[in-house]
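Please keep the structure in view while reading.

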Amino acid sequence: MIGEWFEKLSLYLRFAPVQHALIVGVLIALCAALLGVTLVLKRFSYIGDGLSHVAFGAMSIAAVLNLTHQMWLILPITILSAILLLRTGQNAKIKGDAAIAMISVGALAFGYLLMNIYNTSSNLTGDVCSTLFGSTSILTLRDSDVWLCVILSIIVVIIFILFYNKIFAVTFDEDFAKATGTRANAYNLLIAVVIAVIIVMAMNFVGSLLISALVIFPALSAMRLFRSFKSVTIFSAVLSVICALVGMLISILAGTPVGSTIVAVDAAAFVICFLTGAVKGGIRA
Amino acid sequence: MALLTVQNLSLGYDNRTIVADLNFVVNQGDYLCIVGENGSGKSTLMKTLLHLQAPVGGTILTGDGLKKNEIGYLPQQTMVQKDFPASVREIVLSGCQARRGLRPFYSREDKELVEENLKRLHIEDLAKRCYRELSGGQQQRVLLARALCATRKVLLLDEPVSGLDPKVTAEMYEMITQLNREGITIIMITHDIAAAAAYASHILHIGSTVFYGTKKEYLASDLGKFFLKITEGGDAQ
């Protein structure tokens, strides 16, 4: 049985599309986990959810307009919404969480409506379903998509490393950072832009409804076990990559949908980390 | 020239004024306590001094070579920090952040400054501990060490003893006084008027009536006598 799986796996792994899918999956999982720690700690977990729905809306517009390079429309719209959401969080005329909920459901409804009215495809439900929950389409990634994803991921990781100390300062205590002269607003903006980029990249991969899971689960799992910012960040990145790999391999072998399989693995990892943390904490206390 | 000169300052939100026409100066080595009832605008004043909020009117001048980002700040604890996974050293190091400008990593001098300030506040053995597992008093010392990394001149403290037990409160005041003796200018917001009367060199009382002067002048004024009496009455109950 195991030999059979192994044979099947090594057969699949020889295919270029499968290799591409694995590379893209790992990179997206890595980026999402790096920024996830900051988002969870800043109480911005929901921004990922909101933005992914905006990206869905933008994608339907791109589909209706019949654009070949949908990314060039989706990316700017999502980044713009990220900046807008962050601004509303600050001046609080409409409270941050309400603004996110409003934009998020609005974009979702608008996107579905557009797709319905200008229906060009024969299988609308299937199209919508695969945009929301991800699909096997990860195996039909075009070379240009793969390259774009690789380049964007490298940029995200470099930005994260260069600004790591500033991100920490702004996350831990924004007022202190501002008062002592750190340009906190600029770094908040940077975080928003980067998270928008990650979400757009991840949309093809796990689907727009499940992106938040990639952002939130690894960070929460790591926070159960580790006690410094650096170790939480590193562990959540490692865990996220492992979960993505395991999830993708399972989905290849068992023929399950990629996105939901990865999220299921992430959730299982969280349960394990939670229990381990509880046992360790229990002994210590 | 004084470190800080505040002229005709009016504070408030959305152009609604809470306090009008504040005038006071802070000189090198002063220990200024800002007292007043809840809602009198103490925290707003603090935010304005830190440039987190624009004043409704008036000016704040800095002098004696004090730069805008050379004010150390001990804020009240936020919800975010209560379960934040970070080691003490990481937090204290972040006090050096502003001076780094766009340079991405901390220098050796920054790290030495951190060790020095950990020793100064007697928390060097906590350096590797997780912030959220410390006691309230220890957490305040960590944030104080961070503030000392950001400044060599002025510390702004926002209710530094709120939520601490009497013994730790006394230690905290002792530590702040010690820092003041070492030459650091202290500006402290507190509603503990008795402590202000015990430790401060100058007192700014804001509220329906505004008073600014030395501690002696305050204790001699009707306002000072009145409030000290209320506090003592409150303690006796």
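## A residue, a strand and an interface

A:I159 has 19 other C-beta atoms within 10 Å and is therefore partly exposed. A residue counts as buried when 20 or more other C-beta atoms lie within 10 Å of its own, and as exposed when the count is 12 or fewer. The model described here is a predicted one. A:I159 belongs to helix α7 of chain A, which covers residues 143-162. Between the C-alpha atoms of A:I159 and A:V194 the separation is 8.7 Å, while along the chain these residues are 35 residues apart.

The next subject is a strand in chain B. Strand β3 of chain B, residues 31-35, is mostly covered, with five of its five residues buried. On one side of β3(B) point B:Y31, B:C33 and B:V35. B:L32 and B:I34 point the other way, and they are buried as well.

Which strands pair with β3(B)? One is strand β7 of chain B, residues 185-189, which pairs with β3(B) in the parallel sense over four bridges. Another is strand β8 of chain B, residues 202-205, which runs parallel to β3(B) and is joined to it by four bridges.

The table lists some of its values.

| Property of chain B | Value |
|---|---|
| Helices and strands | ten helices, nine strands |
| Span of the C-alpha trace along its principal axes | about 50 × 45 × 35 Å |
| Buried share of the 237 residues | 40% |
| Share of contacts with a separation of 6 or more that join residues 24 or more positions apart | 70% |

How does the radius of gyration of chain B fit that of a compact globule? A compact globule of 237 residues would have a radius of gyration near 18 Å, and chain B has 18 Å, so the two agree.

The last subject is the interface. In the contact between the two chains, 24 residues of chain B meet 25 residues of chain A. On the chain B side, the elements that each give two or more residues are β5 (71-74), α2 (79-82), α3 (88-93) and α4 (97-100). The residues on this side of chain B comprise 16 nonpolar, six polar and two charged ones.

Definitions and conventions
Residues are numbered from 1 along each chain as its sequence is written. Chains are lettered from A and ligands numbered from 1 in the order in which they are written. This is a predicted model: local features need pLDDT of at least 70, side-chain atom pairs count only at pLDDT 80 or more; totals for chains, interfaces and linings use all residues. Two residues are in contact if their C-beta atoms, placed from the backbone, lie within 7 Å. Ala, Val, Leu, Ile, Met, Phe, Trp, Tyr, Cys and Pro count as nonpolar, Asp, Glu, Lys and Arg as charged, and the others, Gly among them, as polar. Two strands pair if DSSP finds at least two bridges between them. The radius of gyration is taken over C-alpha atoms; the globule rule is 2.2 Å times the number of residues to the power 0.38.
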